[in-house]
Amino acid sequence: MNKSKIFGSMLIIAGTTIGAGMLALPLASSGLGFGMASVIMFLIWSLMSYTALLMIEVHQFAPADATLHTLAYKLLGRKGQLLASFSMMFLFYALCAAYIAGGGEQIHSKLTSWFELDIPMQLGAILFTALIGTVVAIGTRSVDMINRSLFSLKLIALVAMLFLLLPNVSVDNLVALPVHQGLVFASLPVIFTSFGFHGSIPSIVRYLGKDTKALRWIIVVGSALPLMVYLLWMLASQGVLTQSELMGSQSLNGFIGSLSRLLQDPMIANTVSIFADLALATSFLGVSLGLYDFISDLLKRSAKPGHRVQVALVTFMPPLGFAMFYPQGFIAALGYAAFALVVLAIFLPVAMVATQRRQVGLGGYRVKGGAPGLALVTLAGILIMAVQVLQMFDALPAVA
(Lines give C-alpha, C1' and ligand atoms only; values in the text may rest on other atoms or scores of the structure.)
Protein backbone atom coordinates (compact mmCIF):
# COMPACT_ATOMS: atom_id res chain seq x y z
CA MET A 1 0.00 0.00 0.00
CA ASN A 2 1.26 3.47 -0.92
CA LYS A 3 2.33 5.09 2.37
CA SER A 4 1.87 8.54 0.87
CA LYS A 5 -1.77 7.77 0.08
CA ILE A 6 -2.32 6.38 3.60
CA PHE A 7 -0.86 9.54 5.11
CA GLY A 8 -2.90 11.74 2.80
CA SER A 9 -6.10 9.84 3.63
CA MET A 10 -5.50 10.29 7.36
CA LEU A 11 -5.12 14.00 6.77
CA ILE A 12 -8.34 14.12 4.75
CA ILE A 13 -10.22 12.59 7.71
CA ALA A 14 -8.45 14.80 10.24
CA GLY A 15 -8.77 17.87 8.02
CA THR A 16 -12.47 17.22 7.43
CA THR A 17 -13.03 16.89 11.17
CA ILE A 18 -10.81 19.71 12.45
CA GLY A 19 -12.78 22.51 10.89
CA ALA A 20 -16.07 24.19 11.58
CA GLY A 21 -16.81 21.65 14.31
CA MET A 22 -13.72 22.67 16.25
CA LEU A 23 -14.47 26.36 15.86
CA ALA A 24 -17.98 25.80 17.22
CA LEU A 25 -16.93 23.72 20.24
CA PRO A 26 -16.12 26.58 22.67
CA LEU A 27 -19.52 28.12 21.92
CA ALA A 28 -21.45 24.83 21.98
CA SER A 29 -19.92 23.71 25.29
CA SER A 30 -19.64 27.15 26.87
CA GLY A 31 -21.92 26.26 29.79
CA LEU A 32 -20.52 22.78 30.44
CA GLY A 33 -17.10 23.35 31.95
CA PHE A 34 -13.91 21.74 30.70
CA GLY A 35 -14.22 18.45 32.62
CA MET A 36 -17.74 17.57 31.50
CA ALA A 37 -17.07 18.74 27.93
CA SER A 38 -13.99 16.47 27.76
CA VAL A 39 -15.93 13.41 28.95
CA ILE A 40 -18.70 13.99 26.39
CA MET A 41 -16.13 14.56 23.65
CA PHE A 42 -14.34 11.27 24.37
CA LEU A 43 -17.61 9.34 24.39
CA ILE A 44 -18.68 10.90 21.08
CA TRP A 45 -15.29 10.10 19.51
CA SER A 46 -15.59 6.46 20.63
CA LEU A 47 -19.08 6.25 19.15
CA MET A 48 -18.08 7.78 15.81
CA SER A 49 -14.90 5.72 15.46
CA TYR A 50 -16.90 2.55 16.10
CA THR A 51 -19.50 3.35 13.46
CA ALA A 52 -16.77 4.35 10.98
CA LEU A 53 -15.23 0.89 11.44
CA LEU A 54 -18.69 -0.55 10.75
CA MET A 55 -18.56 1.26 7.40
CA ILE A 56 -15.20 -0.37 6.63
CA GLU A 57 -16.77 -3.75 7.41
CA VAL A 58 -19.53 -2.99 4.90
CA HIS A 59 -17.11 -1.81 2.19
CA GLN A 60 -15.03 -5.02 2.23
CA PHE A 61 -17.64 -6.92 0.20
CA ALA A 62 -18.48 -4.09 -2.20
CA PRO A 63 -16.69 -2.65 -5.26
CA ALA A 64 -13.93 -0.19 -4.37
CA ASP A 65 -15.84 2.66 -6.05
CA ALA A 66 -19.10 2.02 -4.17
CA THR A 67 -20.74 5.01 -2.49
CA LEU A 68 -23.25 4.99 0.34
CA HIS A 69 -25.93 5.31 -2.33
CA THR A 70 -24.98 1.96 -3.93
CA LEU A 71 -24.18 0.23 -0.63
CA ALA A 72 -27.58 1.09 0.83
CA TYR A 73 -29.39 -0.24 -2.25
CA LYS A 74 -27.40 -3.49 -2.18
CA LEU A 75 -28.08 -4.20 1.50
CA LEU A 76 -31.28 -2.32 2.37
CA GLY A 77 -33.16 -2.09 -0.91
CA ARG A 78 -34.80 0.90 -2.55
CA LYS A 79 -36.22 2.37 0.66
CA GLY A 80 -32.85 2.18 2.38
CA GLN A 81 -31.24 3.79 -0.64
CA LEU A 82 -33.71 6.67 -0.59
CA LEU A 83 -33.12 7.23 3.13
CA ALA A 84 -29.35 7.14 2.62
CA SER A 85 -29.51 9.52 -0.31
CA PHE A 86 -31.71 12.03 1.51
CA SER A 87 -29.60 11.89 4.67
CA MET A 88 -26.34 12.22 2.76
CA MET A 89 -27.52 15.21 0.79
CA PHE A 90 -29.11 16.89 3.81
CA LEU A 91 -25.97 16.40 5.90
CA PHE A 92 -23.47 17.44 3.27
CA TYR A 93 -25.51 20.42 2.17
CA ALA A 94 -25.98 21.54 5.79
CA LEU A 95 -22.26 21.21 6.54
CA CYS A 96 -21.26 22.93 3.31
CA ALA A 97 -23.71 25.72 4.09
CA ALA A 98 -22.15 26.11 7.55
CA TYR A 99 -18.63 26.21 6.12
CA ILE A 100 -19.57 28.67 3.39
CA ALA A 101 -21.27 30.90 5.96
CA GLY A 102 -18.24 30.74 8.27
CA GLY A 103 -15.68 31.07 5.49
CA GLY A 104 -17.61 33.88 3.83
CA GLU A 105 -17.77 35.75 7.13
CA GLN A 106 -14.00 35.41 7.52
CA ILE A 107 -13.22 36.55 3.97
CA HIS A 108 -15.64 39.48 4.27
CA SER A 109 -14.03 40.52 7.55
CA LYS A 110 -10.56 40.53 6.00
CA LEU A 111 -11.55 42.35 2.82
CA THR A 112 -13.30 45.09 4.78
CA SER A 113 -10.52 45.52 7.36
CA TRP A 114 -7.45 45.10 5.17
CA PHE A 115 -8.60 46.97 2.06
CA GLU A 116 -11.34 49.13 3.64
CA LEU A 117 -13.83 47.88 1.09
CA ASP A 118 -17.56 48.37 1.54
CA ILE A 119 -18.78 45.04 0.19
CA PRO A 120 -21.77 42.84 1.05
CA MET A 121 -21.27 39.77 3.25
CA GLN A 122 -22.50 37.59 0.38
CA LEU A 123 -19.44 38.39 -1.76
CA GLY A 124 -17.19 36.63 0.74
CA ALA A 125 -19.35 33.51 0.49
CA ILE A 126 -19.16 33.56 -3.32
CA LEU A 127 -15.36 33.90 -3.33
CA PHE A 128 -14.89 31.13 -0.76
CA THR A 129 -17.19 28.76 -2.68
CA ALA A 130 -15.55 29.48 -6.04
CA LEU A 131 -12.07 28.79 -4.65
CA ILE A 132 -12.88 25.49 -2.93
CA GLY A 133 -15.28 24.37 -5.65
CA THR A 134 -12.59 24.64 -8.31
CA VAL A 135 -10.20 22.40 -6.34
CA VAL A 136 -12.88 19.76 -5.70
CA ALA A 137 -14.07 19.72 -9.32
CA ILE A 138 -10.54 18.92 -10.54
CA GLY A 139 -10.50 15.67 -8.54
CA THR A 140 -9.52 13.78 -5.37
CA ARG A 141 -5.81 14.04 -6.16
CA SER A 142 -5.98 17.83 -6.18
CA VAL A 143 -7.91 17.81 -2.88
CA ASP A 144 -5.25 15.54 -1.37
CA MET A 145 -2.37 17.79 -2.45
CA ILE A 146 -4.03 21.07 -1.47
CA ASN A 147 -5.29 19.59 1.79
CA ARG A 148 -1.79 18.45 2.79
CA SER A 149 -0.45 21.98 2.39
CA LEU A 150 -3.37 23.63 4.17
CA PHE A 151 -3.35 21.03 6.94
CA SER A 152 0.36 21.62 7.57
CA LEU A 153 -0.21 25.36 7.76
CA LYS A 154 -3.20 24.77 10.01
CA LEU A 155 -1.08 22.77 12.44
CA ILE A 156 1.47 25.57 12.55
CA ALA A 157 -1.29 28.10 13.24
CA LEU A 158 -2.77 25.76 15.87
CA VAL A 159 0.56 25.41 17.70
CA ALA A 160 1.05 29.18 17.61
CA MET A 161 -2.50 29.75 18.85
CA LEU A 162 -2.12 27.31 21.74
CA PHE A 163 1.31 28.77 22.58
CA LEU A 164 -0.29 32.21 22.96
CA LEU A 165 -3.39 31.03 24.84
CA LEU A 166 -2.20 28.31 27.23
CA PRO A 167 -0.04 30.60 29.44
CA ASN A 168 -3.23 32.57 30.18
CA VAL A 169 -5.29 29.57 31.29
CA SER A 170 -7.01 29.91 34.66
CA VAL A 171 -7.56 26.78 36.78
CA ASP A 172 -10.72 28.37 38.20
CA ASN A 173 -12.21 28.48 34.71
CA LEU A 174 -11.32 24.81 34.05
CA VAL A 175 -12.95 23.44 37.20
CA ALA A 176 -16.25 25.23 36.60
CA LEU A 177 -19.32 22.98 36.67
CA PRO A 178 -22.18 23.06 34.14
CA VAL A 179 -24.31 26.15 34.70
CA HIS A 180 -27.41 24.10 33.81
CA GLN A 181 -27.75 20.32 33.85
CA GLY A 182 -29.75 20.41 30.63
CA LEU A 183 -26.68 21.74 28.81
CA VAL A 184 -25.01 18.34 29.23
CA PHE A 185 -27.54 16.93 26.77
CA ALA A 186 -28.03 20.11 24.78
CA SER A 187 -24.38 20.16 23.70
CA LEU A 188 -24.53 16.66 22.19
CA PRO A 189 -25.65 17.54 18.61
CA VAL A 190 -22.91 20.10 17.91
CA ILE A 191 -20.14 18.01 19.54
CA PHE A 192 -21.47 14.98 17.65
CA THR A 193 -21.37 16.86 14.37
CA SER A 194 -17.76 17.95 15.01
CA PHE A 195 -16.71 14.29 14.52
CA GLY A 196 -18.69 13.82 11.32
CA PHE A 197 -16.11 12.54 8.82
CA HIS A 198 -18.12 9.50 7.69
CA GLY A 199 -19.21 11.00 4.40
CA SER A 200 -15.60 11.00 3.21
CA ILE A 201 -15.11 7.24 3.82
CA PRO A 202 -16.33 6.07 0.36
CA SER A 203 -14.01 8.56 -1.34
CA ILE A 204 -11.07 7.28 0.71
CA VAL A 205 -11.94 3.64 -0.07
CA ARG A 206 -12.07 4.56 -3.75
CA TYR A 207 -8.71 6.34 -3.44
CA LEU A 208 -6.91 3.53 -1.56
CA GLY A 209 -8.72 0.35 -2.56
CA LYS A 210 -10.11 -2.31 -0.23
CA ASP A 211 -7.15 -2.76 2.12
CA THR A 212 -9.13 -3.35 5.32
CA LYS A 213 -6.11 -3.27 7.62
CA ALA A 214 -4.89 0.06 6.22
CA LEU A 215 -8.40 1.54 6.27
CA ARG A 216 -8.89 0.58 9.93
CA TRP A 217 -5.59 2.23 10.81
CA ILE A 218 -6.58 5.35 8.87
CA ILE A 219 -9.94 5.57 10.67
CA VAL A 220 -8.54 5.19 14.19
CA VAL A 221 -5.50 7.45 13.79
CA GLY A 222 -7.21 9.95 11.51
CA SER A 223 -10.06 10.45 14.02
CA ALA A 224 -7.86 10.32 17.17
CA LEU A 225 -5.83 13.31 16.00
CA PRO A 226 -8.89 15.62 16.03
CA LEU A 227 -9.82 14.34 19.50
CA MET A 228 -6.42 15.35 20.88
CA VAL A 229 -6.54 18.69 19.12
CA TYR A 230 -10.07 19.34 20.40
CA LEU A 231 -9.07 18.65 24.00
CA LEU A 232 -6.12 21.06 23.76
CA TRP A 233 -8.34 23.66 22.10
CA MET A 234 -10.97 23.31 24.81
CA LEU A 235 -8.29 23.55 27.49
CA ALA A 236 -7.08 26.81 25.96
CA SER A 237 -10.41 28.44 25.13
CA GLN A 238 -12.35 27.40 28.26
CA GLY A 239 -9.32 28.05 30.42
CA VAL A 240 -8.88 31.62 29.19
CA LEU A 241 -12.51 32.75 29.01
CA THR A 242 -15.09 32.36 31.75
CA GLN A 243 -18.36 30.56 31.08
CA SER A 244 -20.26 33.86 30.95
CA GLU A 245 -17.78 35.33 28.46
CA LEU A 246 -18.03 32.26 26.25
CA MET A 247 -21.82 32.18 26.44
CA GLY A 248 -21.88 35.85 25.45
CA SER A 249 -19.93 35.14 22.23
CA GLN A 250 -22.63 34.20 19.75
CA SER A 251 -20.53 34.06 16.56
CA LEU A 252 -17.07 33.11 15.36
CA ASN A 253 -15.96 36.73 15.05
CA GLY A 254 -17.50 37.46 18.46
CA PHE A 255 -15.47 34.64 20.00
CA ILE A 256 -12.24 35.90 18.40
CA GLY A 257 -13.06 39.41 19.59
CA SER A 258 -13.62 38.20 23.15
CA LEU A 259 -10.17 36.60 23.22
CA SER A 260 -8.54 39.70 21.82
CA ARG A 261 -10.25 42.07 24.28
CA LEU A 262 -9.55 39.90 27.31
CA LEU A 263 -5.87 39.33 26.60
CA GLN A 264 -5.29 42.73 24.95
CA ASP A 265 -3.10 41.11 22.32
CA PRO A 266 -4.02 41.60 18.63
CA MET A 267 -1.60 38.81 17.68
CA ILE A 268 -3.93 36.30 19.37
CA ALA A 269 -6.91 37.48 17.36
CA ASN A 270 -4.88 37.34 14.13
CA THR A 271 -3.59 33.84 14.89
CA VAL A 272 -7.04 32.50 15.77
CA SER A 273 -8.45 34.13 12.63
CA ILE A 274 -5.79 32.51 10.42
CA PHE A 275 -6.45 29.15 12.01
CA ALA A 276 -10.19 29.61 11.46
CA ASP A 277 -9.60 30.31 7.77
CA LEU A 278 -7.47 27.19 7.32
CA ALA A 279 -9.80 25.01 9.40
CA LEU A 280 -12.85 26.03 7.41
CA ALA A 281 -11.00 25.46 4.12
CA THR A 282 -9.79 21.93 4.95
CA SER A 283 -13.15 20.94 6.41
CA PHE A 284 -15.00 22.29 3.39
CA LEU A 285 -12.61 20.44 1.06
CA GLY A 286 -13.22 17.06 2.69
CA VAL A 287 -16.99 17.36 3.02
CA SER A 288 -17.60 18.84 -0.42
CA LEU A 289 -15.41 16.09 -1.96
CA GLY A 290 -17.72 13.49 -0.42
CA LEU A 291 -20.80 15.36 -1.65
CA TYR A 292 -19.31 15.78 -5.13
CA ASP A 293 -18.56 12.05 -5.50
CA PHE A 294 -21.99 11.15 -4.15
CA ILE A 295 -23.81 13.43 -6.61
CA SER A 296 -21.61 12.22 -9.47
CA ASP A 297 -22.66 8.65 -8.69
CA LEU A 298 -26.30 9.64 -8.20
CA LEU A 299 -26.47 11.46 -11.56
CA LYS A 300 -24.27 8.89 -13.34
CA ARG A 301 -21.88 11.56 -14.55
CA SER A 302 -18.48 10.71 -16.03
CA ALA A 303 -15.11 12.44 -15.64
CA LYS A 304 -15.65 14.56 -18.77
CA PRO A 305 -15.05 18.30 -18.17
CA GLY A 306 -18.64 19.17 -19.04
CA HIS A 307 -20.00 16.58 -16.62
CA ARG A 308 -17.65 17.74 -13.85
CA VAL A 309 -18.95 21.29 -14.22
CA GLN A 310 -22.55 20.04 -14.00
CA VAL A 311 -21.81 18.06 -10.82
CA ALA A 312 -19.96 21.03 -9.33
CA LEU A 313 -22.96 23.30 -9.86
CA VAL A 314 -25.35 20.82 -8.21
CA THR A 315 -22.84 20.39 -5.36
CA PHE A 316 -22.15 24.01 -4.50
CA MET A 317 -25.10 26.16 -5.57
CA PRO A 318 -27.64 25.03 -2.88
CA PRO A 319 -25.35 25.62 0.15
CA LEU A 320 -24.16 28.88 -1.40
CA GLY A 321 -27.80 29.94 -1.67
CA PHE A 322 -28.25 29.30 2.07
CA ALA A 323 -25.18 31.36 2.92
CA MET A 324 -26.37 34.19 0.67
CA PHE A 325 -29.67 34.50 2.54
CA TYR A 326 -28.39 33.51 6.00
CA PRO A 327 -24.74 34.66 6.08
CA GLN A 328 -24.40 34.18 9.86
CA GLY A 329 -25.99 30.73 9.99
CA PHE A 330 -22.78 28.94 10.98
CA ILE A 331 -23.85 27.40 14.33
CA ALA A 332 -27.46 26.85 13.25
CA ALA A 333 -26.47 24.82 10.17
CA LEU A 334 -24.12 22.66 12.23
CA GLY A 335 -26.86 21.89 14.75
CA TYR A 336 -29.38 20.81 12.13
CA ALA A 337 -26.75 18.68 10.40
CA ALA A 338 -26.85 16.40 13.45
CA PHE A 339 -30.25 15.03 12.34
CA ALA A 340 -28.86 13.65 9.09
CA LEU A 341 -25.54 12.64 10.65
CA VAL A 342 -27.31 10.35 13.15
CA VAL A 343 -28.91 8.52 10.23
CA LEU A 344 -25.78 8.52 8.08
CA ALA A 345 -23.18 7.69 10.76
CA ILE A 346 -25.21 5.51 13.15
CA PHE A 347 -28.52 4.08 11.93
CA LEU A 348 -27.44 3.20 8.37
CA PRO A 349 -24.07 1.57 9.28
CA VAL A 350 -25.79 -0.51 11.97
CA ALA A 351 -28.57 -1.62 9.60
CA MET A 352 -26.18 -2.42 6.74
CA VAL A 353 -23.75 -4.35 8.97
CA ALA A 354 -26.58 -6.34 10.55
CA THR A 355 -27.90 -7.27 7.09
CA GLN A 356 -24.48 -8.11 5.71
CA ARG A 357 -23.60 -10.31 8.70
CA ARG A 358 -26.75 -12.33 8.13
CA GLN A 359 -25.83 -12.74 4.46
CA VAL A 360 -22.13 -13.64 4.71
CA GLY A 361 -22.04 -15.38 8.09
CA LEU A 362 -18.67 -15.27 9.85
CA GLY A 363 -16.53 -14.40 6.82
CA GLY A 364 -14.26 -11.38 6.53
CA TYR A 365 -13.48 -8.56 8.94
CA ARG A 366 -15.94 -7.93 11.79
CA VAL A 367 -16.00 -5.03 14.23
CA LYS A 368 -16.02 -6.32 17.79
CA GLY A 369 -19.08 -5.97 20.00
CA GLY A 370 -21.59 -8.13 18.19
CA ALA A 371 -25.32 -7.48 18.56
CA PRO A 372 -24.97 -5.75 21.97
CA GLY A 373 -22.53 -3.27 20.43
CA LEU A 374 -24.93 -2.47 17.60
CA ALA A 375 -27.80 -2.02 20.07
CA LEU A 376 -25.78 0.33 22.29
CA VAL A 377 -24.75 2.44 19.32
CA THR A 378 -28.38 2.64 18.16
CA LEU A 379 -29.51 3.85 21.60
CA ALA A 380 -26.85 6.58 21.49
CA GLY A 381 -28.18 7.72 18.12
CA ILE A 382 -31.75 7.83 19.43
CA LEU A 383 -30.59 9.96 22.38
CA ILE A 384 -28.83 12.50 20.14
CA MET A 385 -31.83 12.67 17.82
CA ALA A 386 -34.21 13.17 20.76
CA VAL A 387 -32.06 15.98 22.16
CA GLN A 388 -32.13 17.81 18.84
CA VAL A 389 -35.93 17.48 18.64
CA LEU A 390 -36.31 18.81 22.20
CA GLN A 391 -34.10 21.78 21.33
CA MET A 392 -36.32 22.60 18.37
CA PHE A 393 -39.27 22.90 20.76
CA ASP A 394 -37.20 24.82 23.34
CA ALA A 395 -37.51 21.96 25.85
CA LEU A 396 -33.74 22.15 26.41
CA PRO A 397 -31.55 25.24 26.76
CA ALA A 398 -29.70 26.42 23.65
CA VAL A 399 -25.93 25.86 23.62
CA ALA A 400 -25.02 28.99 21.70
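**Ground rules**

I number residues from 1 along each chain as its sequence is written, and I use heavy atoms for side-chain values, leaving out hydrogens and water. As the model is predicted, I ask for pLDDT of at least 70 for local features and 80 or more for side-chain atom pairs, while totals for chains, interfaces and linings use all residues.

**Entry 1: H4 with H15**

I started with helix H4 (residues 68–114) and helix H15 (residues 305–325), whose axes come within 8 Å and cross at roughly 55°. That angle makes H4 oblique to H15. My helices are DSSP runs (H or I, at least four residues; strands are E, at least two), numbered from the N terminus. I take axes as lines fitted to C-alpha atoms, for helices over the stretch in contact, with angles from 0 to 180 degrees between N-to-C directions. Under 35 degrees counts as roughly parallel, over 145 as roughly antiparallel, 65 to 115 as roughly perpendicular, and the rest as oblique.

I noted that H4 passes H15 in a right-handed crossing.

Which residues of H4 and H15 meet? From H4 I listed Tyr93, Cys96, Ala97, Ile100 and Ala101, and from H15 Val314, Thr315, Pro318, Pro319, Leu320, Phe322 and Ala323. They divide into 11 nonpolar, 1 polar and no charged. Contact here means heavy atoms within 4.5 Å. For the classes, Ala, Val, Leu, Ile, Met, Phe, Trp, Tyr, Cys and Pro are nonpolar, Asp, Glu, Lys and Arg are charged, and the others, Gly among them, are polar.

Next I looked up Thr129 in helix H5 (residues 121–138). Is Thr129 buried or exposed? I found Thr129 buried, with a relative accessible area of 6%. The cut-offs are under 20% for buried, over 50% for exposed and partly exposed in between, with a 1.4 Å probe and protein chains only.

A polar atom of the Thr129 side chain lies 2.8 Å from the backbone oxygen of Ala125. Not counting residues up to four places away in sequence, Thr129 touches Ile100, Phe284, Phe316 and Leu320. Ile100 and Leu320 are also on my list for H4 and H15.

Glu105 sits in H4 and counts as buried at 6% relative accessibility. I also checked Glu105 against Thr51, 54 residues apart along the chain, and got a C-alpha separation of 33 Å.

H5 packs against helix H6 (residues 140–165) at an angle of about 130°, with the axes 5 Å apart. The two are therefore oblique to each other. Val135, Val136 and Ile138 of H5 make the contact with Ser142, Val143 and Ile146 of H6. I counted 5 nonpolar, 1 polar and no charged residues there.

Further along H6 I picked Leu150, which is buried at 19% relative accessibility. How far apart in space are Leu150 and Thr282? Their C-alpha atoms are 6.7 Å apart, although 132 residues separate them in sequence. Beyond four places in sequence, Leu150 is in contact with Leu278, Ala281, Thr282 and Leu285.

**Entry 2: H3 with H10**

Last, I took helix H3 (residues 34–59) and helix H10 (residues 201–208), with axes that come within 11 Å and cross at roughly 45°. H3 passes H10 in a right-handed crossing. Ala52, Met55, Ile56 and His59 of H3 meet Ile201, Pro202 and Val205 of H10, and I put them down as 6 nonpolar, 1 polar and no charged.

Key. Left-handed = near helix turned anticlockwise from the far one by under 90°. Polar contact = N/O pair within 3.5 Å; in protein donor to acceptor, adjacent residues only side chain to side chain.
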